[in-house]
Amino acid sequence: MVVPTGRRLFVVAAVVVVVLMAVAATVYRVLAPAEVSTPAAGAYPTAAAPAPGLVARLPVAPLVVDGRIRVYAGQRQVYADEPVEFEHRSTPYWSYRRWPAELVGVVASGHTVVTHWSDGQVVALDGRTGEVAWRADGPVPEHDTAARRTGAETVWNPKGLFVASAADMSVVLTVGRGAMAGWNLADGQRLWQSDVRAGCQQAVGTSTAGGLVSVDSCGSEATVDFRDVATGSVTRWSPPGGRGTLVVTPLGCHSGRSGCAGLRTATGPGDDAARGWLFGPGEPVAAPVLDAPDTRLAGDIAVGVRDGALVAREARTGSERWRHEDLGGARVLAVEPDRVHLVTERNELITFDSVSGDQRSRFTLTLGSDSTSWAPGTAYAVGGYLAVECLRLPVDSEAEDQRYFLTSRPVLLAAT
């Protein structure tokens, strides 16, 4: 049967339209903004109390939340597994994914997990269920270089995302291109937003005194700005030492760069240009014991290795509290308010109580049948847990991930 030319063209055109509509629908489903939330199916686990030692080898960096779950960062996803002491990464307890935005930071306070995305969205998740607690539009973060495959910087030291405590609330803070903002952690209510000159403010962290700390480099003299986390009101401080480039390092932080007890300022090259300070109700108070760049702050105690000995001093007075000799070339790997974690040349992990100096634990950070000859990379400690990246020797910071990390599971998680 011969189809008339007119009808044939009509049929062909109809088929083309149908195909184009199908393609358009497929493209839309694939590329349209989307959000996928997979909540927890089981009960919230109880907090664990594992014996000191290595508890897990993981391919990515864990954020230990509430002592009950481990949270990880993907390019466009945040997800959790449990229990904390499980030796491998397990099936997700919950997950949350957005498209096409990318995940740029994760912090936690109590059981709440706060995520920050490349489009500026702040999404708070209930860590007990994985469900969205609240969401808000915030400052778009500054463009950053691609993260290493472990995601350590995203979950252990996120840029532009912090938590802090005010008089009667916990506050989430974000810093991005041309703006800063704060929200009540409990319900997502915006507390304030401040516009700032793009490229002028470098966020440092949050203080135990309830301030968002940043460096303003665009004035005639660089200053340290303290913004009240509940109101956004600004107090400016100019540390002594000249008008050179001002570099500020947070000290004694509860997690990442949030809840920091002090800072170190430097206005030029060399150790002599560094000055240590403690936060308080007014301007920072000088603490000369914190001047040395390798000194850490654990609660009210300044710790550092001097001539092979670990020495602890009162941060405010400089008086010696305790010391330990002959630690085999150990260096301070991480601190918590109540603990000091050291790693020796043989990758033994030694943990001391920061107040008394008593040894809490000592064991080798072993990779099982793999060599113990590796270098510690980025480390993180919270709630008695310590995680550290294992790097291949000699360390090449410019190398690709396969050469940079020692193994395919380069993150060790230990209980101390």
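1. Strands in this note are DSSP runs of type E with at least two residues, numbered from the N terminus. With that convention, Val71 falls within strand β4, which covers residues 69–73. The structure is a predicted model, and the points below should be read with that in mind.

2. Confidence comes before detail. The mean pLDDT of the protein chain is 89, and 88% of its residues reach 70 or more. Where pLDDT is low, the predicted coordinates should not be read in detail.

3. Val71 in β4 counts as buried because its relative accessibility is 0%, where the limit for that class is under 20%. Leaving aside residues up to four places away in sequence, Val71 touches Ala61, Pro62, Leu63, Val65, Val78, Tyr79, Ala80, Trp94, Val106, Val113 and Val155. Ser95 is 24 residues from Val71 in sequence, while the C-alpha atoms of the two are 9.3 Å apart in space.

4. Two cis peptide bonds deserve a look in the viewer. One joins Glu82 and Pro83, with omega about 0 degrees, and Pro83 sits in the loop between β5 (77–81) and β6 (94–99). Another runs from Trp99 to Pro100, with omega near 0 degrees, and Pro100 belongs to the loop between β6 and β7 (103–109).

5. Four strands make an open sheet with antiparallel pairing, in the order β11-β12-β13-β14. Its edges are β11 (161–165) and β14 (190–195), each of which pairs on one side only, and from one strand to the next the twist averages 20 degrees. Between β13 (residues 179–184) and β14 there are five bridges in the antiparallel sense, and within this part of the sheet Gly182 has Trp192 of β14 as its bridge partner.

6. Asn184 also lies in β13. Is this residue buried or exposed? Asn184 is buried, because its relative accessible area is 13% and the class takes values under 20%. Not counting residues up to four places away in sequence, Asn184 touches Trp134, Met169, Ser170, Gln189 and Leu191.

7. Strand β29 (residues 348–353) is mostly covered, with five of its six residues buried. On one pairing, β29 is joined to β28 (residues 339–343) in the antiparallel sense over five bridges, with His341 opposite Thr351. On another, five bridges join β29 to the antiparallel strand β30 (residues 359–364), and here Phe352 stands opposite Gln359.

8. Both of these pairings are hairpins. The hairpin of β28 and β29 has four residues between its strands, and Asn347 in the turn has a positive phi of about 60 degrees. In the hairpin of β29 and β30, five residues lie between the strands, and Gly357 takes a positive phi near 85 degrees.

9. Positive phi values also occur at two aspartates, which a careful reader may wish to inspect. Asp307, although not a glycine, has a positive phi of about 55 degrees; Asp307 lies in the loop between β24 (301–306) and β25 (309–314) and counts as exposed because its relative accessibility is 84%. For Asp326, phi is near 50 degrees, again a positive value in a residue other than glycine. Asp326 is found in the loop between β26 (320–324) and β27 (331–336), and Asp326 is exposed, with a relative accessible area of 72%.

Definitions and conventions:
Residues are numbered from 1 along each chain as its sequence is written. This is a predicted model: local features need pLDDT of at least 70, side-chain atom pairs count only at pLDDT 80 or more; totals for chains, interfaces and linings use all residues. Side-chain values use heavy atoms; hydrogens and water are left out. Two strands pair if DSSP finds at least two bridges between them. Axes are lines fitted to C-alpha atoms, for helices over the stretch in contact, and angles run from 0 to 180 degrees between N-to-C directions. Buried means under 20% relative accessible area, exposed over 50%, partly exposed in between (1.4 Å probe, protein chains only). Contact means heavy atoms within 4.5 Å. pLDDT is the predictor's confidence in each residue, from 0 to 100.
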